[in-house]
Amino acid sequence: LGPFPLYTREEVGRHRSPEQRVWVTHGREVFDITDFLDLHPGGRSKILLAAGGALEPFWALYAVHNQAHVRDLLREYKVGELHPEELTAPAAADDPYAGDPPRHPALHVNSLKPFNAEPPGELLGEHFLTPPELFFKRNHLPVPHVDPDAYCLKVEGPGGRTLSLSLQDLQRRFPKHEVTATLQCAGNRRSEMSRVRPVRGLDWGISAISTARWGGVWLRDVLADAGFAEEPESQRHVCFEGLDQDLTGTAYGASIPFYQAMSARADVLLAYEMNGAALPRDHGFPLRVVVPGTVGARNVKWLGRIWVSAEESPSHWQRNDYKGFSPGVDWDTVDYTTAPAIQELPVTSAITDPPPGATVASGEVTVKGYAWSGGGRGVVRVDVSLDGGHTWQVAEMQGEQQPPGQVWAWKLWQLTAPVPPGTTELDIVCKAVDASYNVQPDTVGPIWNLRGVLSHAWHHVRVTVAE
Ligand code: MTE
Ligand code: MO
């Protein structure tokens, strides 16, 4: 193919509807994507937003595009190249992520735009309360700028009455409560699953999980103020919407069951503090939902609106993502209506230290890690093996005392054990048991699913023993 004709950006810009053909650029290449419009998985309207211009700012919003198979697919539609004079860098003003906050350089970045990052395991395992700058960050969209003085939470009450609460209203009118809770993304440890067979999603290691002491007001107090009463039999849902939006104005959203939101045991918080300070921007400043024991995705950040509905949140992330499927289901056969939204997470654990591939001293080895289970089911035991799971020892756990059924925080654990003389390599394994005696599956293959969620098999770390 080629040499290709050269075009100016202005010429490309004239092709922005199916009648004039739809052209886009990526780097210096020009593509005619008219025939792809109806094939776009995200729908025709979204791809048309890029018509006549560069794909980069859109791919910056939806980083899922910036992958080899997408670039290969695009190549089929190439019709030309930009004139060399046209190749000045796009101005930062075009970048919807230009206003994102600065981040800690220790984080391992899985995706820059939107920002998704996790701390190295060795740092994660060092703190029972994760320092906010190391706390994993999972954003689907640009971080919104919220002026705390202008901030207003809308709570739609029964009979069409809407409460509008400023940050001060929330802080003054409702008692403050604090909860130590671990937050885990459904995709934590996805990389282990993708080694079995490729999955779609960010390639998280073991650190898309972190713990904080959250301070704020009970969601149930706010809902009661809006006019709701506890209804243990209710099948309704409490829906949350964030202030972060995509280019079409669609906000991030999720929901939890109404009975959970109203339950005095569920400790659902509207949090304005993290480890005793105001929420950082990446974690939802000025207000987020914290649903202890429930998958990260329902812990809506930059909370803008709450309403109660007979239906779950209509959000893409509630209905068409964050669900588990059989290993036999693929992208051609998946039907998202057939599986429940992930809410409580299963029991998991991981080794944070030593890191994979490390060389450890002979004589004695110290292994450290975390263990956690959803639904307030505390971890009651962690077993560690140095020989790939043939023999096991019980690790020592540290954590915060929390009432049974409300064990929202993880346990950090540690085991120091002799290295059998003559051993040159260790296959270190951990597995946890929760209060319901749930255990982790021994391998990830049988729980593989196309989206790579709920990856919670035994965790292995292989290391070399120094001579
Ligand atoms: N809330 C909003 N408004 N926007 C988001 O992108 N991501 C969700 C959840 N709440 C998200 C959100 C997901 S999938 C996770 S795992 C957690 O936030 C991550 O929270 P963190 O970034 O504070 O660790
Ligand atoms: Mo997540």
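**View 1. Confidence across the predicted model.** This is a predicted model, and the protein averages a pLDDT of 94. In total, 97% of the residues score at least 70. Where is confidence lowest, and where is it highest? The lowest value belongs to helix H3 (residues 56-61), with a mean of 66, while strand E17 (residues 288-290) has the highest, at 99. Coordinates predicted with low pLDDT should not be read in detail.

**View 2. Ligand 1 and the residues around it.** Let us move on to the ligand. Ligand 1 is surrounded by 20 residues, and the closest are Phe136, Asp244, His283, Arg288 and Lys301. What classes of residue make up this shell? Nine are nonpolar, six are polar and five are charged. The space that ligand 1 takes up is the largest cavity. Two elements give two or more residues to the shell: strand E8 (137-138) and strand E13 (237-245).

**View 3. Polar contacts of ligand 1.** Here you can look at individual atoms. Phenylalanine 136 takes part through its backbone, with a polar atom 2.6 Å from an oxygen atom of ligand 1. How much of ligand 1 does the protein bury? Taken alone, the ligand exposes 530 Å², and the protein buries 100% of that.

View 4. Lysine 113 and proline 114 are joined by a cis peptide bond, with omega about -5°. To find proline 114, follow the loop between strand E6 (108-111) and strand E7 (116-118). Another cis bond runs from phenylalanine 285 to proline 286, with omega near 5°. Proline 286 sits in the loop between strand E16 (277-278) and strand E17.

**View 5. A positive phi at asparagine 275.** Which loop holds asparagine 275? You will find asparagine 275 between strand E15 (269-274) and strand E16. Although asparagine 275 is not a glycine, its phi is positive, at about 50°.

Note on methods. Residues numbered from 1 in each chain as written. Chains lettered and ligands numbered in written order. Predicted model: local features only at pLDDT ≥ 70, side-chain atom pairs only at ≥ 80, totals over all residues. Heavy atoms only, no water. Near = heavy atom within 4 Å. Polar contact = N/O pair within 3.5 Å; in protein donor to acceptor, adjacent residues only side chain to side chain. Areas by Shrake-Rupley, 256 points an atom, 1.4 Å probe, with all protein chains shown as cover. 1 Å grid on protein atoms, 1.4 Å probe; cavity = no way out; pocket = protein on both sides within 12 Å on 5 of 7 lines; lining within 4 Å. Sits in = over half its atoms within 2 Å of the grid points. Helix = DSSP H or I, 4+ residues; strand = E, 2+ residues; numbered from the N terminus. Nonpolar A, V, L, I, M, F, W, Y, C, P; charged D, E, K, R; others polar. pLDDT = per-residue confidence, 0-100.
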